[in-house]
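Colleague: I am new to this entry and would like to understand the terms used for it. Please set each value against its definition.

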Amino acid sequence: MPTHFDAIIIGAGQAGPSLAGRLAKAGMRVAIVERKLFGGTCVNTGCIPTKTLVASASAAHMVRRAAEFGVDTAGPSVDMKRVKARKDAVSGKSRTGVESWLKGMQNCTVYEGHARFESAHEVSIGTERLNAERIFINVGGRAAVPPMPGLDTIPYLTNSSMMAVDFLPRHLMIVGGSYIGLEFAQMYRRFGSEVTILEMGPRLAQKEDEDVSAAVREILEREGIQIRLNAKCIAFSKSGDEIVAHAECDDPREVRGSHVLLAVGRVPNTDDLGLEKAGIAADAHGYITVDDQLRASVPGVWALGDCNGKGAFTHTAYNDFEIVAANLLDNDPRRVSDRIPAYALYIDPPLGRAGMTEAHIRRSGRPALICKRPMTKVGRAVEKGETQGFMKALIDAETKQILGAAILGVGGDEVIHSILDVMYAKAPYTTMQRAVHIHPTVSELVPTMLGDLEPLA
């Protein structure tokens with residue numbers, strides 16, 4: 001007979017453990033299943049380890065720039081084994097923290113293994129059988145590996161296998177010019193690798209406005225990163241100890257390097273869950289179909305995090321947990337559609353983004369206002385010697401509410417929250433202009449920028 005629980009959670013990523021905590025505290029008997037590493041992508045191969053690596057790369061970069069600040073020092077010598085050890089320690093502490101929390105949680109039983117659906121409300125983990133009236137899927141995603149010619153003839157890396165790298169690649173070729181690829185590109189260039197980005201599209205970070213993409217490219221090229229755009233029909237071959245990348249692009253010359261990183265998107269970990277046995281619907285890409293409150297097509301089943309296609313970030317996965325818990329336990333009908341898109345690109349300087357892009361607003365045809373300020377006019381940026389980038393915001397001409405903003409500059413990933421909070425409050429942009437901000441900061445220039453609004457042509 002299957003062991004009965006009030007709730008089963010498949011996956012211990014960002015949403016699962018917090019949901020287990022809320023359900024267990026409410027008196028439910030909870031099972032949570034994890035097949036590999038507690039903490040999911042964020043803790044093990046995403047946010048925490050990569051931003052730890054970014055910090056090490058930033059330290060090396062600042063040592064090289066020390067003379068600009070009147071500090072004399074020898075150039076940096078990067079020990080990649082120590083860089084990896086630091087990353088492993090930070091990531092490992094988070095992982096063991098999640099695991100210890102779950103295993104010590106009252107009313108919660110942890111199963112380690114691969115969960116598969118046997119029916120709508122029964123799952124198997126090896127020879128074990130569990131059932132529950134409520135099942136929550138939080139299985140995350142993994143790097144996409146497209147069928148590129150010659151890929152099977154070469155060794156290649158993904159964001160996950162990059163976590164095991166404890167050496168400096170001589171020449172890292174990165175396929176993909178979006179967020180993951182750009183962060184690794186700058187990071188490894190600062191560690192000392194030669195880096196080339198191969199992007200199939202006409203510009204980097206194509207989801208962003210063209211001015212943002214252009215500024216990002218300028219930032220990376222200034223540090224010596226080679227960028228090949230319109231790289232169609234990418235194929236690989238081996239030539240001695242080198243890997244050769246062939247591509248039809250603006251610059252048709254082949255690229256020769258020592259290592260290849262694939263950063264061309266993500267796919268959900270739903271292909272081996274047995275969704276068909278439960279009758280759970282998924283789209284053509286494998287994302288579980290959910291409604292505005294994250295309920296799947298089968299009653300009593302929910303999907304949270306990267307596997308539902310509603311967001312690909314740690315913060316959206318955690319918000320999924322909040323939405324489900326609010327509906328189930330708090331009589332609070334929160335919805336995914338209440339969420340304002342927001343994220344960051346962690347190159348240096350970082351990009352903080354909230355709401356709609358300028359291109360999206362133009363396509364909508366709604367009357368809007370725009371303001372923009374280069375970071376060269378931000379005192380805090382000048383003081384820190386970090387004047388690359390700009391900030392801009394877009395305002396609804398009728399309601400005076402903020403529609404969206406992009407801050408590409410020092411502190412942009414933090415400053416964007418002052419705008420995001422006003423957006424959630426549905427307050428007019430003038431609210432920020434009445435606030436007294438601390439000087440000298442980047443945030444204090446946002447209200448000043450908002451004083452220079454012009455019609456969006």
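**Buried residues and their contacts**

Modeller: Helices (H or I, at least four residues) and strands (E, at least two) are DSSP runs, numbered from the N terminus. This is a predicted model, in which local features need pLDDT of at least 70 and side-chain atom pairs count only at pLDDT 80 or more, while totals for chains, interfaces and linings use all residues. Residues are numbered from 1 along each chain as its sequence is written, and side-chain values use heavy atoms, with hydrogens and water left out.

Colleague: Why does Glu223 count as buried?

Modeller: Buried means under 20% relative accessible area, exposed over 50%, and partly exposed in between (1.4 Å probe, protein chains only). Glu223 has 15% relative accessibility, so this residue counts as buried.

Colleague: What makes the link between the side chains of Glu223 and Arg190 a polar contact?

Modeller: A polar contact is a pair of N or O atoms within 3.5 Å; within protein, one must be able to donate a hydrogen and the other to accept it, and residues adjacent in sequence count only if both atoms are side-chain atoms. The side chains of Glu223 and Arg190 are joined at 2.8 Å. Contact in general means heavy atoms within 4.5 Å. Setting aside residues up to four places away in sequence, Glu223 touches His61, Gln186, Arg189, Arg190 and Asp348.

Colleague: Is Asp320 buried or exposed?

Modeller: Asp320 is found in helix 8 (residues 314-329). Its relative accessibility is 2%, and therefore it counts as buried. Beyond its neighbours within four places in sequence, Asp320 is in contact with Leu294, Leu304, Gly305, Asn308 and Arg339.

Colleague: Why does Gly150 count as buried?

Modeller: Gly150 belongs to the loop between strand 7 (141-143) and strand 8 (171-175). Its relative accessibility is 19%, so Gly150 counts as buried. Along the chain, Gly150 and Ser237 are 87 residues apart, and their C-alpha atoms are separated by 5.7 Å.

**Rings**

Colleague: How many aromatic pairs does a search of the whole structure find?

Modeller: The search finds seven aromatic pairs. Among them is the pair of Tyr188 and Phe191, whose ring centres are 5.3 Å apart with the planes at 85 degrees, so the pair is edge-to-face. By definition, rings of Phe, Tyr and Trp (its six-membered ring) pair if their centres lie within 6.5 Å; planes under 30 degrees apart count as stacked, over 60 as edge-to-face and the rest as tilted. Both Tyr188 and Phe191 lie in helix 5 (residues 179-191), three residues apart, about one turn of the helix. Tyr188 and Phe191 are both buried.

Colleague: What makes the pair of Phe313 and Tyr343 stacked?

Modeller: The centres of Phe313 and Tyr343 are 5.4 Å apart, with 5 degrees between the planes, and the pair is stacked. It links distant parts of the chain, 30 residues apart: Phe313 in the loop between strand 16 (301-303) and helix 8, and Tyr343 in strand 17 (residues 342-345). Phe313 has a relative accessible area of 30%, so it is partly exposed, whereas Tyr343, at 14% relative accessibility, counts as buried. Together, Tyr179, Phe313 and Tyr343 form one aromatic cluster.

Colleague: Which ring does the charged end of Lys372 sit over?

Modeller: A charge sits over a ring if NZ of Lys or CZ of Arg is within 6 Å of the ring centre and within 35 degrees of the ring normal. The charged end of Lys372 sits over the ring of Phe390, 4.3 Å from its centre. Arg29 lies over the face of Phe5, at 4.4 Å from the ring centre.

**Strands**

Colleague: What makes strand 19 and strand 20 a pair?

Modeller: Two strands pair if DSSP finds at least two bridges between them. Strand 19 (residues 368-374) and strand 20 (residues 390-396) run antiparallel and are joined by seven bridges. In strand 20, Asp396 is the bridge partner of Ala368.

Colleague: How many bridges join strand 19 to strand 22?

Modeller: Two bridges join strand 19 to strand 22 (residues 454-455), again antiparallel. Ile370 stands opposite Glu454 in strand 22. Strand 19 is mostly covered, with five of its seven residues buried.

Colleague: What makes strand 11 and strand 13 edge strands?

Modeller: An open sheet of three strands has the order 11-12-13, with antiparallel pairing. Strand 11 (232-239) and strand 13 (255-257) each pair on one side only. Strand 11 is joined to strand 12 (residues 242-248) by six bridges, and Glu248 in strand 12 is the bridge partner of Lys232.
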